[in-house]
Amino acid sequence: MTDTPPSCAFAYLRYIDLLSAKRCRLALADPEGQALAASPSLVEPLAWLMRKGMVSADELVAAFDHLELASDQDMFDQALERYELFCIEGSAVCIDLMVREGLLRADERDGVLERIGFEKVLTLPGEVLFQMVNCGLMTRARFDALHGVIGGSARRAAILDFADFLFTSAQQRKDLKPIAPPKGMWIWFQLALLLLGPVLLVFAIAGVMRLFTALPACDGWSVRNKIDSMLPRGVGATSGGMREVGYIKQAGVRGCGATVHIDGKAFAFAYTVAKDEKEGDLLVVQADPAIVEARFGRLDADGEAPDLTYPIKRRMLESALRYAVASSKTQAELLDAELRERLARKKMGYRWELSARERRGEIADIEPVAPCRALVVNKRYSCRLLIERNDPLRMGVGARPTLHEGEFTFVPGGYDGVWTVGEYFKSEYQSAIAAPRAAAPH
């Protein structure tokens, strides 16, 4: 490099090709970044970029070998160590919470930190449980047994609810690793002869299997059967007019609408169609028509939904709201709801069964209505949300979920990327549930 390196820390990182032009502009547009731009050392700016997600640890390591100055290498090393310490300290807060809630044993703490809390800050205990099962640190049987503990806190229940949500919505992904080619054309020729027949057979079988495993349409035969099983008995309920509202490709979920006729009256009916990622079973779940229209009715040509919660990650927004609702309950309210549930279970006997929407807890579903508004940029945002709510005092006794709409404030949490509800959440939530939104007309 013959040019004189720039004095601005971020411009210098752009100069050595670690930062793209776009990320450099984003860093310089951030108030914290502006304060770090004139830093005489690269350590703090680099650590800050990694905390913000603008530079990954892998990118930092890859750039290390191309550095010309020993001083730069030393600063890169220090920045990486500082970021790793930040991740470990931040993740420890999350792990300690899980230990206190009886979701982890104390002797597992270091193992979890070393396995999944080293390269990023763990902020969602429910996601940690999900990752532990996926990477073999916890068996699925042990995770399922966590639900059977009696007398757990509302926060513990919210963590398990979120983990269940991740298991339900996650799609199975497998990394395909190519076979390293053997050396020598003759070996290639022999290998081709050996594999050609089986490979063609595999492709043929795969084509046939796709016909059986493909996600059925909203009006598919198997879907219709499941819809009919959801309708009330003895009232002449029939379904018709099944249509697809939208298909989210990344998640592999169809949003569907239909019309249900009961005693000569027409009602809007909505549901989602997906596949269980482990068993491959067809999952047809009833949903609120307004939420299905909002979530699936505004997808782009690539099957993606608009990012209405920016700069808050949607998953973080949902987790913050569910946790806030669960934490706002007093012990008396929790005991009252549990008593009512026991009485209903005893009264209904073998007919007792929580629906898929009820198993999600008080908040069955959440959907943003419009883009979140910045009340104070990077510090406080107001988001208008649709909330499908199960009344905890009426769950399991035939009460239908109700739909509510309201404005909720979100503020940054203790770490980068973490958001929590604002200080007036309780009044915001009470205002939203005080007036249920009218059912969709038909």
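1. Let us start with helix α7 and its two sides. The face of α7 turned away from the buried side carries D110 and E114, both exposed. On the buried side of this helix, which runs over residues 109–116, you will find V112, L113 and I116. Looking down the axis of α7, the buried residues fall within an arc of 105°, so they line one face of the helix. What do these buried residues pack against? Their partners are α6 (70–100) and α8 (125–134). Please keep in mind, here and below, that this is a predicted model.

2. Now step back to the whole chain for a moment. The protein chain has 16 helices and nine strands. Of its 442 residues, 38% are buried. The chain exposes about 25700 Å², and carbon and sulfur atoms supply 57% of that area. Take the contacts between residues at least 6 apart in sequence: 60% of them join residues at least 24 apart.

3. The aromatic rings deserve a look next. A search of the whole structure finds eight aromatic pairs. One of them is F143 with F167: the ring centres are 5.0 Å apart and the planes stand at 55°, so the pair is tilted. F143 belongs to helix α9 (residues 140–145) and F167 to helix α10 (residues 154–169), so the pair ties together parts that are 24 residues apart in sequence. Are these two residues buried or exposed? Both F143 and F167 are buried. Another pair is F269 with Y271, whose centres are 6.0 Å apart and whose planes make an angle of 45°, so this pair is tilted. F269 and Y271 are both buried.

4. Together with F130 and F143, F167 forms one aromatic cluster. R140 lies over the face of the F167 ring, 4.1 Å from the ring centre. You can find a charge over a ring elsewhere too: the charged end of R254 sits over the ring of Y247, at 4.8 Å from its centre.

5. Which residues does L166 touch, leaving aside its neighbours within four places in sequence? The contacts are G126, E127, F130 and R315. For L166 and F130, the separation is 36 residues in sequence but 6.9 Å in space, C-alpha to C-alpha.

6. Next come the salt bridges, of which the count comes to 19. In one of them E293 pairs with R243, and the closest N and O atoms are 2.6 Å apart. This pair links distant parts of the chain, with E293 in helix α13 and R243 in strand β1 (residues 238–248), 50 residues apart. E293 is partly exposed at 36% relative accessibility, and R243 is partly exposed with a relative accessible area of 42%.

7. Compare that with the salt bridge between E367 and R295, where the closest N and O atoms are 2.6 Å apart. E367 lies in strand β5 (residues 363–368) and R295 in helix α13, so the pair ties together parts that are 72 residues apart in sequence. Here both residues, E367 and R295, are buried. A further salt bridge joins the side chains of R373 and E407, at 3.9 Å from N to O. R373 sits in strand β6 and E407 in strand β8 (residues 402–412), 34 residues apart. R373 is partly exposed, with a relative accessible area of 46%, and E407 is partly exposed too, at 28%. Salt bridges that share partners also join R295, R298, R314, E318, D365 and E367 into one network.

8. Finally, please check the backbone at a few places. Most residues other than glycine have a negative phi, and most peptide bonds are trans. Where is there a cis peptide bond? The bond from Y310 to P311 is cis, with omega near 10°, and P311 is found in the loop between α13 (289–296) and α14 (314–327). D263 is not a glycine, yet its phi is positive, at about 55°. D263 has its place in the loop between β2 (253–262) and β3 (265–275), and is exposed with a relative accessible area of 61%. N378 is not a glycine either, and has a positive phi of about 70°. You will find N378 in the loop between β6 (373–376) and β7 (380–389), partly exposed with a relative accessible area of 41%.

Definitions and conventions
Residues numbered from 1 in each chain as written. Predicted model: local features only at pLDDT ≥ 70, side-chain atom pairs only at ≥ 80, totals over all residues. Heavy atoms only, no water. Phe/Tyr/Trp six-rings, centres within 6.5 Å; stacked < 30°, edge-to-face > 60°. Helix = DSSP H or I, 4+ residues; strand = E, 2+ residues; numbered from the N terminus. Buried < 20%, exposed > 50% of the residue type's maximum accessible area, 1.4 Å probe, protein only. Lys NZ or Arg CZ within 6 Å of the ring centre and 35° of its normal. Contact = heavy atoms within 4.5 Å. Arc of directions from axis to C-beta. Areas by Shrake-Rupley, 256 points an atom, 1.4 Å probe, with all protein chains shown as cover. Salt bridge = Lys/Arg side-chain N within 4 Å of Asp/Glu carboxyl O.
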